[in-house]
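Hi,

Here is the structure I said I would pass on. Have a look at it first, then read my notes below.

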Amino acid sequence: QSAISLRGLEKTYSNGKRALDGVSLEIPRGSMFGLLGPNGAGKSTMINILAGLVNKTGGQASVWGFDIDEHPRNAKASIGIVPQELVFDAFFTPFETLEIHAGLFGVPPRQRRTMELLRAVHLEDKAHVYSRTLSGGMKRRLLVAKALVHNPPVLVLDEPTAGVDIELRQQLWNYVRELNAGGTTVVLTTHYLEEAEELCDRIAIVNNGQIVANDLTSTLMATA
Ligand code: ADP
Ligand code: ADP
């Protein structure tokens, strides 16, 4: 059983743009998986379909064995998504943001790990300030914590280090490695080869809405 399974996934936007042209992909449980491809390849579209933000126009997708159409609640409970844009709740504090989000996912108060998550992403000092006052890097870390409130087995990060400075990039990488070592399946999209090579055990290369390669990183690098 895969962590994420895509079968013949298609997306044609209403302006006629065909962003996904029959994508089939199995992401193994426990892996650290990279979706690598240039801007416009279709990576975000794939993620946004899994996040329920974009409707697919063909094919199937499932998360942790749950089809997103047939079992949307189970699929949603199985995945945490860190979006590319720094969308966040500006007039709430990080603490409130995580509590509210945990509530949305039905996590009972005594099972919430709000301060633990804030510590994990080094935001414990900012727990009670308005999120709009956070730096870009802090906002991204808050989004990572937010994606984890319901303890999903799969974490997906869309271009996690785009526009992020080197120090924070290393911090994020280390944190993501720890999560993966702890058993979380991690999927990230990137257009940086070095990022995928450094972090991921498997890489799928996306181009023009199609998967053009999919292999172990070591195998892919040996043949590149
Ligand atoms: P759908 O085709 O799934 O209904 P929409 O057409 O509603 O999606 O997309 C929402 C809006 O996002 C569109 O009006 C579109 O103009 C805009 N948009 C966002 N990103 C892009 C992009 N990269 N290229 C073109 N339009 C975009
Ligand atoms: P990536 O994440 O790999 O950069 P995207 O999935 O964002 O690629 O985009 C794939 C293609 O779909 C691009 O050509 C993009 O311009 C187009 N696109 C993305 N969103 C929309 C939208 N809402 N409406 C129309 N076209 C879009």
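In which sense do strand β7 and strand β8 pair, and over how many bridges? β7 (residues 154–158) and β8 (residues 185–190) pair in the parallel sense, over five bridges. One detail there: D158 has T189 in β8 as its bridge partner.

Before the rest, some housekeeping. This is a predicted model, where local features need pLDDT of at least 70, side-chain atom pairs count only at pLDDT 80 or more, and totals for chains, interfaces and linings use all residues. Residues are numbered from 1 along each chain as its sequence is written, chains are lettered from A and ligands numbered from 1 in the order in which they are written, and side-chain values use heavy atoms, with hydrogens and water left out.

**The mixed sheet**

The β7/β8 pair belongs to an open sheet of six strands, ordered β6-β7-β8-β3-β9-β10, with mixed pairing. (Strands are DSSP E runs of at least two residues, helices are H or I runs of at least four, and both are numbered from the N terminus; two strands pair if DSSP finds at least two bridges between them.) β6 (79–82) and β10 (210–216) are at the edges with a single partner strand each, so one side of each has no neighbour in the sheet. On average, neighbouring strands here are turned by 15° against each other, direction ignored. For angles, axes are lines fitted to C-alpha atoms, for helices over the stretch in contact, and values run from 0 to 180 degrees between N-to-C directions.

β9 and β10 pair in the antiparallel sense over six bridges, and R202 has L216 in β10 as its bridge partner. The two strands form a hairpin with two residues between them, and N208 in the turn has a positive phi of about 55°.

**The antiparallel sheet**

A second open sheet has four strands in the order β2-β1-β4-β5, with antiparallel pairing. Its edge strands are β2 (18–27) and β5 (66–67), each pairing on one side only. Two bridges join β4 (residues 58–63) to β5, and V63 stands opposite F66 in β5.

**Helix α1**

In one direction α1 lies across β3 (32–36), β6, β7, β8, β9 (202–207) and β10, at about 130° to β3. α1 also lies across β1 (4–12), β2 and β4, running at about 115° to β1.

**Ligand 2**

Oxygen atoms of ligand 2 lie 2.7 Å from a polar backbone atom of S44, 2.9 Å from one of G42 and 3.1 Å from a backbone N or O atom of A41. The cut-off for a polar contact is a pair of N or O atoms within 3.5 Å. The protein covers 64% of the 560 Å² of accessible area that ligand 2 has on its own (Shrake-Rupley method, 1.4 Å probe).

**Ligand 1**

Around ligand 1 are K11, Y13, S14 and N15. An oxygen atom of ligand 1 is 2.5 Å from a side-chain N or O atom of S14, and one is 2.7 Å from a side-chain N or O atom of K11. Taken alone, ligand 1 exposes 560 Å², of which the protein buries 24%.

Cheers

Note on methods. A polar contact is a pair of N or O atoms within 3.5 Å; within protein, one must be able to donate a hydrogen and the other to accept it, and residues adjacent in sequence count only if both atoms are side-chain atoms. A residue is near a molecule or strand if one of its heavy atoms lies within 4 Å of it. Contact means heavy atoms within 4.5 Å.
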